[in-house]
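Subject: Structure for you to look at

Hello,

Here is the structure I said I would pass on. My notes follow below it.

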Amino acid sequence: MPSPLTPGAVNPRLCSAATPGEVLANVKKYLIKSWAGEIQPLSKQVRMEYRADQVADKELRDIAEKTSYLPIYEITGPHLPPEHIDDRSRVRLGRYGARISD
């Protein structure tokens with residue numbers, strides 16, 4: 001159903017700044033048309049499609065917001081965690097900083 005206030009009120013980005021007089025005139029026109037039966041309500045299928053579009057847009061916005069706060073970096077390729085380093089490859093320092101080799 002179209003909004004009685006402003007033509008683009010379904011999409012907030014398309015709303016224009018209307019004066020209070022223009023808003024009241026639009027409401028009056030809408031009420032006259034609705035009482036005369038000129039405005040038909042939307043079918044259930046159209047409302048369901050509109051709602052599905054809204055949900056998909058919201059999910060996309062939520063995903064974009066999450067990635068903007070916390071980008072996730074994944075390591076690609078084979079890697080070993082630090083606890084699995086072979087002891088033979090470790091560098092050990094002894095007294096006065098001398099390197100100890102086994």
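Helix 1 is followed by G37, which has a positive phi near 85°. Helices here are DSSP runs of H or I with at least four residues, strands are DSSP runs of E with at least two, and both are numbered from the N terminus.

Before the rest, a word on the basis. The model is predicted, so to speak of local features a pLDDT of at least 70 is needed, side-chain atom pairs count only at pLDDT 80 or more, and totals for chains, interfaces and linings use all residues. Residues are numbered from 1 along each chain as its sequence is written, and side-chain values use heavy atoms, with hydrogens and water left out.

Helix 1 covers residues 20-36, and its 17 residues should span 24 Å at 1.5 Å a residue; the expected span is 1.5 Å times one less than the number of residues. The end C-alpha atoms are 24 Å apart, which agrees.

Overall, the protein has 2 helices and 2 strands, in the order α-α-β-β along the sequence. Of its 102 residues, 3% count as buried (buried is under 20% relative accessible area, exposed is over 50%, and partly exposed is in between, with a 1.4 Å probe and protein chains only).

The search of the whole structure found 1 salt bridge, meaning a side-chain nitrogen of Lys or Arg within 4 Å of a carboxyl oxygen of Asp or Glu. It joins the side chains of D62 and K58, at 2.9 Å from N to O. Both residues sit in helix 2 (residues 44-69), 4 residues apart, so about one helical turn separates them. D62 is partly exposed at 30% relative accessibility, and K58 is partly exposed at 43%.

Y96 is exposed, with a relative accessible area of 77%.

Regards
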